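Welcome to this short tour of a protein model. Keep the structure open beside you as you read, and look up each part when its name comes up.

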Amino acid sequence: MGEGKGSREESELVPGLLRHWLIGRVLVAGLALGCYANSCWGDFVFDDSEAVINNQDVDPGATSLADVFSHDFWGTNISSRTSHKSYRPLTVLSFRLSFWLGGGRNPFHFHLANVLLHPLVCLLLLEVLNNWFCQLKTSSKPVSRVDWRAPICSSEALVATLLFAVHPIHTESVSGVVGRAELASALFFFSSILAYPSPTSQGGRAVEILRLLLTLVLAGSAMLFKEQGITALGVCTVSDVLFRAKKLQKESGGQAKCRSLPWSYWRQWCDGGSGRKLCLRSAVLCVGGAGLVWGRFAVMTTGAPQFKPIDNPASFSDSWTTKILSYNYLYSLNWWLLYHPWWLCFDWSMGCVPLVQSATDLRVAAVAVFWAGLGALAFRGLSRFHTGDGRLVILSLSLVVLPFLPASNLFFTVGFVVAERVLYLSTAGHCLLVAIGAAYIGAFSSLTKRVCWYIRRDDTGYPALCPYI
């Protein structure tokens, strides 16, 4: 699939009527709301008991606002050695608001907030994906600001958002009150991406600086709802590189192409102002992000949290072989849950996933398939960097991988084996990959039918090749 009108017409996945500015958004919000509306009448379950029922910070009359910012997510003093060190004060403040609106720990009001947040996140995701497709793939006029009345320029963006809205992996995040952290963090995560200035943004340098600062504020707010919200800055940086590559290609009349790797872009950027501007913006994000991360770790005055082997057995293994194999198997299991969410569970500890202790374990095959698939997708994106499809594949992978990094055990030990809640943001990238793949298959099918029609029309003597015509 190339760029331009013809390729878009071949890859239409939904009727044009559904891409109307109102119909498409109503469809997304309606499906997101309808899938989880029945959870409003549920009770507090599983981790809700510790995060809401036994957490005194949820009650405005029991603790002060200062206590909220000095306690962890579960109500324990953050400086205590027994603290979980999960610092999410904005999520706790949202619990206090639900407590105040419901006149106490009324499950309905707590669940209602989650059910309403999910459609809002889906609508913001649709705007992000619509912006990406308009910027990178279609020949539509690039989006310089969020316009809720603008038509949805790509059916892939709508399909990806619809898949995200109804994906079963969100059950724990939306139906469980404790999933408020993921939902609110995602809301600010996508708001941060939308606030980030693109190459087509209107306004002068002052407006660009203000938008950069707003991006940092929103990403920092996302982090205070859930730690993985800080990874929005990484997604912004990747999108900036890809947007500027597309702009450079357009300005050079399509000559800035490299069909193997995007090194030609870097050389041309160094010769002009695009590279310096990109580096400056990336430096602002890096410095701002580093400051946010430093502040987050500074809150943990007594160091990292102390977990038990039952929470994360692989991290307590004495064998590096077992650690590496088990971690990689968990990565493949998380990826599999996105594609086939059949084994859903609220708690994957207590030996649900045995350690992979040897390379002869059959589960190593799943690890090999996972890395082969991920590598193939990365190669596809880089090898087609000069096309809209290649850039969108890279963006999709960044949206899958970057939000998952805080839960990967690479930088610090986490207190769980598998947690479906942490896949809430990564699901967006997964759904985008599925939509892109579906469009590619649809375009290939359309091309095949046209070739077969041409063969039969010319009466070449091979009508059996096209039995479906």
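How far apart are the end C-alpha atoms of residues 392-417, and how much of the chain there is helix? The end C-alpha atoms are 31 Å apart, and the chain over residues 392-417 is 38% helix and 0% strand. Please keep in mind that this is a predicted model.

**Transmembrane regions in the record**

- The unreviewed UniProt entry places the feature "transmembrane region" at residues 362-380, 392-417 and 423-447.
- Residues 362-380 are 89% helix and 0% strand, and the end C-alpha atoms of this span lie 28 Å apart.
- Asn 409 sits in the loop between α16 (388-401) and α17 (426-457).

**Aromatic rings**

- A pair of aromatic rings is described by two things, the distance of the centres and the angle of the planes.
- Searching the whole structure turns up 13 aromatic pairs.
- In one of them, the ring centres of Phe 44 and Phe 110 are 5.5 Å apart and the planes meet at 75 degrees; an angle over 60 counts as edge-to-face, so this pair is edge-to-face.
- Phe 44 belongs to the loop between α2 (21-36) and α3 (48-53), while Phe 110 belongs to helix α6 (residues 107-136), so the pair ties together parts that are 66 residues apart in sequence.
- Both partners count as buried: Phe 44 has 14% relative accessibility, and Phe 110 has 0%.
- Phe 44 and Phe 110 also belong to one aromatic cluster, together with Phe 73, Trp 74 and Phe 95.

**Charges over rings**

- Look for Lys 323, whose charged end sits over the ring of Trp 320, 4.7 Å from the ring's centre.
- Arg 391 lies over the face of Phe 385, and here the distance to the ring centre is 5.9 Å.

**Backbone angles to notice**

- Most residues other than glycine have a negative phi.
- Lys 85 has a positive phi, near 65 degrees, and is found in the loop between α4 (65-68) and α5 (89-102).
- Is Lys 85 buried or exposed? With 3% relative accessibility, Lys 85 counts as buried.
- Asn 409 also has a positive phi, near 70 degrees, and at 13% relative accessibility Asn 409 counts as buried.

**Helix α2**

- α2 has 16 residues and reaches 24 Å from its first C-alpha to its last, close to the 22 Å expected at 1.5 Å a residue.
- Which residues of α2 are buried? They are Gly 24, Arg 25, Val 28, Ala 32 and Tyr 36.
- On the face turned away from the buried side, α2 carries the exposed residues Val 26 and Gly 34.

**Helix α10**

- Helix α10 (residues 205-225) has 21 residues, which should span 30 Å at 1.5 Å a residue. Its end C-alpha atoms are 30 Å apart, which agrees.
- The buried residues of α10 include Glu 208, Arg 211, Leu 212, Thr 215 and Phe 225.

Terms used. Residues are numbered from 1 along each chain as its sequence is written. This is a predicted model: local features need pLDDT of at least 70, side-chain atom pairs count only at pLDDT 80 or more; totals for chains, interfaces and linings use all residues. Side-chain values use heavy atoms; hydrogens and water are left out. Rings of Phe, Tyr and Trp (its six-membered ring) pair if their centres lie within 6.5 Å; planes under 30 degrees apart count as stacked, over 60 as edge-to-face and the rest as tilted. Helices (H or I, at least four residues) and strands (E, at least two) are DSSP runs, numbered from the N terminus. Buried means under 20% relative accessible area, exposed over 50%, partly exposed in between (1.4 Å probe, protein chains only). A charge sits over a ring if NZ of Lys or CZ of Arg is within 6 Å of the ring centre and within 35 degrees of the ring normal. UniProt positions are given in the numbering used here, feature names are shortened, and annotations may be inferred rather than shown by experiment. The expected span of a helix is 1.5 Å times one less than its number of residues.
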